[in-house]
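Here is a short report on one protein chain. Keep the sequence and the 3D view open as you read.

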Amino acid sequence: MKKYTDLEDIDNISGIVEEAIQIKKSPFQFSGLGKNKTLVMLFFNASLRTRLSTEKAARNLGMEVIVMNVNAAWELEFEEGAVMNLAASEHVKEAAQVISQYADCIAIRAFASLTDKEKDLQEMVLASFQKYATVPIVNMESATAHPLQALADAITLKEFATKKKPKVVLSWAPHPRALPHAVANSFVQMMQRLDVEFCISHPKGYDLNPNIVKDSTVIYDQEEALKDADFVYVKNWSSFQSYGEILSKDPGWMMTQEKLKTAKFMHCLPVRRNVVVEDAVLDGPDSLVIEQANNRTYAAQVVLKKLLEQI
């Protein structure tokens, strides 16, 4: 593995999931691999789980970690040919090369704007660092993808599945704010690569990028979609067609224990209680959200291990 910016960077999903589970059993077994190596983490957006789990993963491997909240400290320019007479004082061309002198690996978190679909689809921040950096890049959530979360989700499914081919449902839920598509996109792509029965459920108008959904089943009736589900992954996203807009706040789409029945509940967190999901689900025995959050460490750790082995 030379980078981890998208799920396509993983050749063998089942193999890397199994390796992550083995690492979880003995997290410090490769603590010498990262000796004298440095991970630089660049945050263009705030983080809780991603920051802490990725830093912990790096330290478990013996790496040093440098964290920079970029927008709070330094304005970068990403446009080619820009006349830099506004706020940005440095272009990514120089910044990426300079940071590469200080790092053996660069991890980046930069959300979608949700205002300019074309620019978001171009992944300007992530793509610019890939172009100009001279060390491996890790995607800690970008405008369109969150491959570390999707890998943690796959690990969680593997740990808790009780049948060979479980039914997994990705269900939209209401939210007061417009949220990106990254988590949902990567979860869809991961499910397409696993041996599961998968469907997506959301109100009309909330279809995800058709280039990502492809031939995955979409059911607009939530009750129908949830029938006989083994795992239910709940997530809000704003409209892709009417880009970034909130078309519905229908509370009827909130996940309840009555709807969930005996299925396992999944969510990437943070989650708004009694808006996205009711307390009874989150606090109940079928909630896997804490296990998912824990697996973020081992998803990051197996990725960093793969990268370090190639350095």
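**Start with a single residue**

Ser 171 touches Ser 201, Gln 222, Val 232, Tyr 233, Val 234, Lys 235, Trp 253 and Met 255, leaving out residues up to four places away in sequence. A contact here means heavy atoms within 4.5 Å. Ser 171 sits in strand S7, residues 167-172. Helices (H or I, at least four residues) and strands (E, at least two) are DSSP runs, numbered from the N terminus. Ser 171 is buried, and its relative accessible area is 0%. Buried means under 20% relative accessible area, exposed means over 50%, and partly exposed is in between (1.4 Å probe, protein chains only).

One neighbour in that list deserves a second look. The side chain of Ser 171 makes a polar contact of 2.9 Å with the side chain of Gln 222. A polar contact is a pair of N or O atoms within 3.5 Å; within protein, one must be able to donate a hydrogen and the other to accept it, and residues adjacent in sequence count only if both atoms are side-chain atoms.

**How to read the model**

This is a predicted model: local features need pLDDT of at least 70, side-chain atom pairs count only at pLDDT 80 or more, and totals for chains, interfaces and linings use all residues. Residues are numbered from 1 along each chain as its sequence is written, and side-chain values use heavy atoms, with hydrogens and water left out.

**The whole chain**

The chain holds 13 helices and 11 strands. Its C-alpha trace spans about 55 × 50 × 35 Å along the principal axes. Its radius of gyration is 19 Å, which agrees with the value near 19 Å for a compact globule of 311 residues. That radius is taken over C-alpha atoms, and the globule rule is 2.2 Å times the number of residues to the power 0.38. Of the 311 residues, 55% count as buried. Now take the contacts with a separation of 6 or more: residues 24 or more positions apart account for 76% of them.

Which residues of H1 are buried? They are Ile 13, Ile 16, Val 17, Ala 20, Ile 21 and Ile 23. Seen down the axis of H1, these buried residues fall within an arc of 160 degrees, so they line one face of the helix. The arc is that of the directions from the helix axis to the C-beta atoms. The face turned away from the buried side of H1 carries the exposed residues Ser 14 and Lys 25. What covers the buried residues of H1 includes helix H7 (147-160), helix H8 (182-193) and H13.

H13 is largely enclosed by the rest of the structure, because 15 of its 20 residues are buried. H13 also has a kink of about 25 degrees, centred on Asn 295. The bend at a residue is the angle between axes fitted to the seven residues ending there and the seven starting there.

The table gives the spans from first C-alpha to last. The expected span is 1.5 Å times one less than the number of residues.

| Helix | Length | Span | Expected span |
|---|---|---|---|
| H1 (13-25) | 13 residues | 19 Å | 18 Å |
| H13 (289-308) | 20 residues | 29 Å | 28 Å |

Most residues other than glycine have a negative phi, and most peptide bonds are trans. Leu 269 has a positive phi of about 65 degrees, although it is not a glycine. A cis peptide bond joins Leu 269 and Pro 270, with omega about 0 degrees. Pro 270 is in the loop between strand S11 (264-266) and helix H12 (279-282). Leu 269 counts as buried at 17% relative accessibility.

Lys 214 is not a glycine either, yet its phi is positive, about 50 degrees. Lys 214 lies in the loop between helix H9 (210-213) and strand S9 (217-219). Is Lys 214 buried or exposed? Lys 214 is exposed, with a relative accessible area of 62%.

His 181 lies in the loop between S7 and H8. At 4% relative accessibility, His 181 counts as buried. Its contacts, leaving aside neighbours within four places in sequence, include Leu 114, Trp 237 and Tyr 243.

Lys 164 lies in the loop between H7 and S7. Lys 164 is exposed, with a relative accessible area of 75%. Lys 164 and Asp 195 are 31 residues apart in sequence and 7.8 Å apart in space, C-alpha to C-alpha.
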